[in-house]
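Hi everyone, thanks for coming. Let me put the model up on the screen, and then we'll walk through it together.

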Amino acid sequence: MNKYKKLFLSLILDALGYVSFIIPGIGEFSDIVWAPVSAWVMTKMYKGKDGKIAGAVSFIEEAMPGLDVVPTFTLMWVYSYVLKPKKEKVIEV
């Protein structure tokens, strides 16, 4: 998947996580459903150890009251494509 498509999807998924703020009372129930779904989606978007850690963070962030404001998907995109150091190829002679 193109990194900019992944950014757009991340923004959409973070916005979806904010839906619980819109509907008082029902919002907390939606977090119960959304927390495992967001964790699963995160592990599918970002493979390997980073994806598993991000999935766990996403689950906790969505399950804990008051933490929904954290844009977990977008932060993971920033980490993966902006902050994460690239692996250098070592050429042995």
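A quick word on conventions. This is a predicted model, so local features need pLDDT of at least 70, side-chain atom pairs count only at pLDDT 80 or more, and totals for chains, interfaces and linings use all residues. Residues are numbered from 1 along each chain as its sequence is written, and side-chain values use heavy atoms, with hydrogens and water left out.

Now the overall picture. The chain has five helices and zero strands, and its C-alpha atoms fill a box of roughly 65 × 20 × 20 Å along the principal axes. Of its 93 residues, 30% count as buried, where buried means under 20% relative accessible area, exposed over 50%, and partly exposed in between, with a 1.4 Å probe and protein chains only.

Next, the inside. The largest nonpolar core has ten residues: Leu13, Trp34, Val41, Met42, Met45, Tyr46, Ala54, Phe73, Met76 and Trp77. Such a core is a set of buried Ala, Val, Leu, Ile, Met, Phe, Trp, Tyr and Cys residues joined through side-chain atoms within 4.5 Å. Helices α3 (26-45) and α5 (72-83) each supply at least two residues of this core, and α3 gives the most, with four. Leaving aside neighbours within four places in sequence, Tyr46 is in contact (heavy atoms within 4.5 Å) with residues including Lys6, Gly51, Phe73 and Trp77.

Ser38 is also in α3. Is Ser38 buried or exposed? Ser38 counts as buried, at 0% relative accessibility. Its side chain makes a polar contact with the side chain of Ser58, at 3.0 Å. For a polar contact we want N or O atoms within 3.5 Å; within protein, one must be able to donate a hydrogen and the other to accept it, and residues adjacent in sequence count only if both atoms are side-chain atoms. Beyond four places in sequence, Ser38 touches Ser58, Glu62 and Phe73.
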